[in-house]
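Subject: Structure for you to look at

Hello,

Here is the structure I said I would pass on.

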Amino acid sequence: MRRWRREPRRGSAATARAVRRCPRSRVVETAIGLAAEQGLAAASMRGVADRLGVTPMALYKHIANRSQLVDEMLDRVLADIACSSNPEVWREAVRTRIFAARRLVVAHPWVRDAIESREVATPRALAHMDALMGAMFDGGLSADLVHHAMHALSTRMWGFTRDVLPTPQLPEGSEQRARAVAGFEASYPAIMRMATTSAHAAAGCDADAEFAFALDVVLSGIEHLHQSQWQPAVPVRTVLG
């Protein structure tokens, strides 16, 4: 009686070879490259697999899902945040680290979307926040003040802010533009006074200067509260209740 020998499944062998060709580090690096070229949305499991010339199944041997992929991408980039050279001065340490984060966000625009889309902080994100809080604690700030400071910093701790109320654009035509300006001056005199008399506004906002100004205002306020031996206020819910 003739015996039949089971042939190995070609698909399994091909997948195994693909897995060996695509270690986790290469998968993450490829995803970062796609995000740099086309934005975070392009760094999908299928998009990365296509770029590597493998099936998506080969990636799932290393990365459980796209959420984990974005986590890995984010942590790879956040690992480059530099520490302050003078951690004894808490404001300088915090400011230096935040501007290091800002340089990363400017160099990798997709990082902003990745940070805002995370439901749970990644290990590197937690390490960044821990370093900021550690610098404040080293500077003698109380736990309550550190807590409020982190809320006040908000997305600035990552090197970016979001403008939630953009101003309207004026029409291109001179006649329509003149009518729009006259209407704005009548309805919003303070806005028009700032826009037409501030040299900075007239020249166009410098994003780095605006970021530095806002960050320094926050840090100066925190320092002032610390020096004045600030104590927590009555919770808002108690006042409103």
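This is a predicted model: local features need pLDDT of at least 70, side-chain atom pairs count only at pLDDT 80 or more; totals for chains, interfaces and linings use all residues.

Overall make-up. Of the 241 residues in the chain, 32% are buried. Taking contacts between residues at least 6 apart in sequence, 67% of them join residues at least 24 apart.

Helix H3. This helix covers residues 45–52, and its buried residues are Met 45, Gly 47, Val 48, Ala 49 and Leu 52. The cover over these buried residues includes helix H2 (24–38), helix H4 (56–60) and H5. After H3 comes Gly 53, which has a positive phi, near 75°.

Helices H5 and H7. H5 runs over residues 66–78 and H7 over residues 110–117; their axes come within 10 Å and cross at roughly 125°. That angle makes H5 oblique to H7, because a crossing counts as roughly perpendicular from 65 to 115 degrees and as roughly antiparallel over 145. The crossing of the two is left-handed. On the H5 side the residues in contact are Val 70, Met 73, Leu 74 and Val 77, and on the H7 side they are Trp 110, Val 111, Ala 114 and Ile 115. Sorted by class, this contact has 8 nonpolar residues, with no polar and no charged ones.

Helix H9. In H9, residues 143–153, the buried residues are Leu 145, Val 146, Ala 149, Met 150 and Leu 153. They lie on the same side of H9, because they cover an arc of only 135° around the axis. The buried residues of H9 pack against helix H6 (90–107), helix H8 (123–138) and helix H13 (207–227). Just after H9, Ser 154 has a positive phi of about 50°.

If you go through the model yourself, two places to start are the contact of H5 with H7 and the buried residues of H9.

Regards

Methods
Residues are numbered from 1 along each chain as its sequence is written. Side-chain values use heavy atoms; hydrogens and water are left out. Axes are lines fitted to C-alpha atoms, for helices over the stretch in contact, and angles run from 0 to 180 degrees between N-to-C directions. Helices (H or I, at least four residues) and strands (E, at least two) are DSSP runs, numbered from the N terminus. Angles under 35 degrees count as roughly parallel, over 145 as roughly antiparallel, 65 to 115 as roughly perpendicular and the rest as oblique. A crossing is left-handed if the near helix is turned anticlockwise from the far one by less than a right angle, and right-handed if clockwise. Contact means heavy atoms within 4.5 Å. Ala, Val, Leu, Ile, Met, Phe, Trp, Tyr, Cys and Pro count as nonpolar, Asp, Glu, Lys and Arg as charged, and the others, Gly among them, as polar. Buried means under 20% relative accessible area, exposed over 50%, partly exposed in between (1.4 Å probe, protein chains only). The arc is that of the directions from the helix axis to the C-beta atoms.
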